[in-house]
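Q: I am new to reading protein models. Could you walk me through this one, feature by feature?

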Amino acid sequence: MRSIHSIFVILIGWLLFGAYFYYAYSFHGDNTLDHFFSFHSPAESLLNVVILSALVGSHITAYLINDRKKLLKKTGLSQSQLAQAAQEWKATFDSIPYGVILTDKDCNIIRSNKYLADKTALPSDDLSNTNKCYEVVCGKDKPDDCCPINKSEAFHKTRAHEFIDKASGKRFSESITPVYNDSGAVTSYVHVLIDISESREKETKLTESKDAFFNMLKDLDTAFRDLKSIHEDLIVALSNIIDAKSPWTCGHSIETTNYATAIAREMQMDHHEIETLRVAALLHDIGKIGTFDHILNKPDKLNSHEADLIRQHPLKGEEMLTPINGLGHLLPIIRAHHEKYDGSGYPDGLKGEDIPILARVLCVADSFDAMVSDRPYRSSRGKEYALSELRRCAATHFDPIIVNAFSQVLERSSSNDSGLMPIRNRQN
Ligand SMILES: [Fe+2]
């Protein structure tokens, strides 16, 4: 679209051209065009050229005027967009919740965002050019020792360091990235400052909490070990009390335990089963605490009433340990340690695999120790006799698989002298 100026120039050109033709028509009538394009005097020909040039020139001038206006309009629009973009960029730059600074190679601040102005309470304009970054940022009169710019070697990737701001006492992380020109030379640096005081404080608290938690776990572990040790000591003390009921059963609980756990290991039972058997063996005769001493120590054969009282000790033992929740898993073993494989035992007359496996093991170990020990009514029968009795009664009184396992243990023990070692002295 043409501008008013360009139309005006064109009209001037046509007006001059028209005025001249009117003037020429007044003198030459119908021969005006012939006269215009023919050569007469030099002055007249020059006038014709000027008039023609005025017409052509007005068009060219109008075109140039019009084009220049378009160019100015376009340039004006670009400047406006550029200014808008700069405003948007500055708003973005200032809204970043971190400090962003551009410095030259000598640490002079070229530009910084609002964050730094807020931090230093200085106007952004005052920060530019007249201040060194280390003065404003670190509050020092020279670059910090750990500042990457202070290092002699050049660096090409972002480097970071931490420092404590003297004014606020806050800890900052500063990452510095070099900016290059087309020749690859460093021209400036971009610094990004992040206040890490809060996150570092949380990190410290988390570490302290973690340490406190682990210390608590250690204390719990120690307490658990202490309790376990007390528990173990109480079990052994209890087994000693049981055995102390009669001089004839001294050491019986511990030695029965040694035999029983040796059988369990031979049968490749797991650690949990062996531990259960160990404690059950230590306490298996706890029910005898309620039995009269004169019956336990009687050198003669027991009458039927006395025998009945003795036969009650598995039930009494179960009853005595029932209130202790932590020993509940031992009760079926203690109750059944006098059951026999063929169902002729007591108190329930259980048969075969109805008898808990650990009770069957305990029965073999208990019977063996009883046979090799002195009793008020007889002396020790000896190992060989006891083992032959176990074998003779396998499948009747005892589980044959367990008797076989015990035989292996005893044979290995007697051959290499490294297996079972009875604690108390006895005549075998
Ligand atoms: Fe018993």
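Q: Into which domains is the protein divided?
A: Domain bounds come from an automatic or database domain assignment. Here that gives domain 1 (4-93), domain 2 (97-195) and domain 3 (244-416). The centres of domain 1 and domain 2, taken over C-alpha atoms, are 58 Å apart. Residues are numbered from 1 along each chain as its sequence is written. Keep in mind that this is a predicted model: local features need pLDDT of at least 70, side-chain atom pairs count only at pLDDT 80 or more, and totals for chains, interfaces and linings use all residues.

Q: How many helices and strands does the protein have?
A: Helices (H or I, at least four residues) and strands (E, at least two) are DSSP runs, numbered from the N terminus. In this protein there are 16 helices and five strands. Its radius of gyration is 56 Å, well over the 22 Å that the globule rule gives for 428 residues, so the protein is more spread out than a compact globule. That radius is taken over C-alpha atoms, and the rule is 2.2 Å times the number of residues to the power 0.38. Along the principal axes, the C-alpha trace spans about 180 × 60 × 45 Å.

Q: What share of the residues count as buried?
A: A residue is buried if 20 or more other C-beta atoms lie within 10 Å of its own, exposed if 12 or fewer, and partly exposed in between, with C-beta atoms placed from the backbone. By that count, 23% of the 428 residues are buried.

Q: How far does helix 3 reach from its first C-alpha to its last?
A: The expected span of a helix is 1.5 Å times one less than its number of residues. Helix 3 (residues 42-95) has 54 residues and reaches 77 Å, close to the expected 80 Å. Two of those 54 residues are buried, so helix 3 lies largely in the open.

Q: At what angle do helix 1 and helix 3 pack?
A: Axes are lines fitted to C-alpha atoms, for helices over the stretch in contact, and angles run from 0 to 180 degrees between N-to-C directions. Helix 1 (residues 4-28) packs on helix 3 at about 175 degrees, with the axes 8 Å apart. That makes helix 1 roughly antiparallel to helix 3. Angles under 35 degrees count as roughly parallel, over 145 as roughly antiparallel, 65 to 115 as roughly perpendicular and the rest as oblique. Two residues are in contact if their C-beta atoms, placed from the backbone, lie within 7 Å. Among the residues that meet are Trp-14 and Phe-17 in helix 1, and Leu-55 and Ile-65 in helix 3.

Q: Which residues of helix 9 are buried?
A: They are Leu-277, Val-279, Ala-280, Ala-281, Leu-282 and Leu-283. The helices they pack against include helix 7 (197-244), helix 8 (252-266) and helix 14 (357-372). Helix 9 itself (residues 271-283) has 13 residues and reaches 19 Å, close to the 18 Å expected.

Q: Where is Gln-268 placed, and is this residue buried or exposed?
A: Look in the loop between helix 8 and helix 9. Gln-268 has 9 C-beta neighbours inside 10 Å, so this residue counts as exposed. Its phi is near 55 degrees, a positive value in a residue other than glycine.

Q: Which residues does the cis peptide bond join?
A: The bond joins Tyr-346 and Pro-347, with omega about 10 degrees. Pro-347 sits in the loop between helix 13 and helix 14.
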